[in-house]
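Subject: Structure handover

Hello,

Here is the structure we talked about. Notes on what was found in it follow below.

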Amino acid sequence: VADGLTRADAEALDAADPLAPLRSRFVVDDGGPVYVDGNSLGRLPHATAERMAAFAEEWGSRLVTGWPDWIELPRAVGDVLAEHVLGARPGEVLVCDSVTVNLFKLAGAVLDAEAGPLVGLAGDFPTDRYVLEGLARAHGVDLRLVDRGELAAAARDARLTVVSKVDYRSGEVLPDDLPGLVLWDLSHAAGAIELDLRGSGAQLAVGCTYKYLNGGPGAPAFLYVREDLQERLRSPIQGWFSQKDQFAMGPRYEPAAGIDRFLAGTPSIVDLVAVRSGAELVAEAGMPAIAAKTRALTGLFVALHDAWLAPLGFALASPRDAAARGGHVSLAHPDGWRVCRALIERANVVPDFRRPDVVRFGFPALYTRFTDVFEAAERTRDLVASGAHLDVQAAPMRVT
Ligand SMILES: *Cc1c(COP(=O)(O)O)cnc(C)c1O
């Protein structure tokens, strides 16, 4: 397909792209790098910068009298995500805490209700595996970390299976039909692929807002608990924000009704302002359009890989089928770490790297152009063909 594919073809795709105007709603330095790491940290929307400045004024003037409004935000922003991103009902989603803490709360709540073996994927995102390891120890239950091929069978016998909907390394989309009780980690799915938690019968989920939802570095995560499960589960973190009559400040803990029982402590309001702003941009574009463009962007990159990069020692480490792929494409290369560093330092392209050998290229649809995809592939080809990646300092770094 890509044989003979030219920059003019990519420009034509941009010209026909209904989401193209949304790029101007983000802070983008046009002389800056080709940014293909929005799957780790999304770009800053202009509206977010403005609203955070406005919020600073509000904090300054309202002080503590702002809290009656602010206290509603974890749920209000959760409702925006429920409607426009997750396919859930109002009152089923909260924005609070980190993915890690939300995983602990929901998986811990399940084990408190009824202990039993836990299942996860051996190659899943580290925080998910580590939280499960700690919970299994604390509850004295078995943890089975299995390979992808064993997952369905293991899930059938488990009390709870925790698994990413989109694999952070390969970008593979896992099918909805896992047996048993499943807690989905939607960190790489939310804002990249269409989700229908209600339609798919999902019961529990958590996910990130700073990747495809553009909430900003360290923005709070979301959690989802299907309505009928909420009264049956209690958070193991019995914080005052999850208490029934919070300001009664009574002697004993009693969980609030509904989704609020999965809050913990005081939420970060400035962060919630940012998450709402990012989520509203996704809502404006609509997930069907975003998901369709995501498939087209990643498809173009796969085609360019086949034509230009495979002959240079790269191997596709993501699904070939667009429907089975999230918003990023991973390429394995024996010199992956040097290639990644050299792309950043010498080619002005910013991907990221996952050990041992995978370079990840992320293509968030709200602000990535088809010409960016073309440019990323072309610069990768030229860099590696020239051998310039072999000259970079490839010392270990704390963040890769
Ligand atoms: C990014 C990501 C996280 C992040 O967890 P935090 O607690 O917010 O740092 C968790 N799980 C997956 C699958 C991720 O991709």
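In which loop is the place of Asn214? Asn214 is in the loop between β7 (204-207) and β8 (222-225); strands are DSSP runs of E with at least two residues, helices are runs of H or I with at least four, and both are numbered from the N terminus. Asn214 has a positive phi of about 60 degrees, although it is not a glycine.

Before the rest, please note that this is a predicted model, in which local features need pLDDT of at least 70, side-chain atom pairs count only at pLDDT 80 or more, and totals for chains, interfaces and linings use all residues. Residues are numbered from 1 along each chain as its sequence is written, and side-chain values use heavy atoms, with hydrogens and water left out.

The chain has 13 helices and 13 strands. Its C-alpha atoms fill a box of roughly 70 × 55 × 40 Å along the principal axes.

Another loop, between β12 (352-354) and β13 (358-362), holds Pro356. The peptide bond from Arg355 to Pro356 is cis, with omega near 5 degrees.

Now the ligand. Among the residues around the ligand are Ser98, Val99, Phe125, Asp128 and Lys211; a residue is counted if one of its heavy atoms lies within 4 Å. The shell divides into three nonpolar, six polar and three charged residues, where Ala, Val, Leu, Ile, Met, Phe, Trp, Tyr, Cys and Pro count as nonpolar, Asp, Glu, Lys and Arg as charged, and the others, Gly among them, as polar.

Which polar side-chain atom lies 2.5 Å from an oxygen atom of the ligand? That atom belongs to Thr100. For His188, an N or O atom of the side chain is 3.2 Å from a ligand oxygen, and a polar side-chain atom of Tyr210 also lies 3.2 Å from an oxygen of the ligand. Such polar contacts are pairs of N or O atoms within 3.5 Å. The elements that give two or more residues to the shell around the ligand are α5 (99-113) and α6 (126-139).

Regards

Notes: A polar contact is a pair of N or O atoms within 3.5 Å; within protein, one must be able to donate a hydrogen and the other to accept it, and residues adjacent in sequence count only if both atoms are side-chain atoms.
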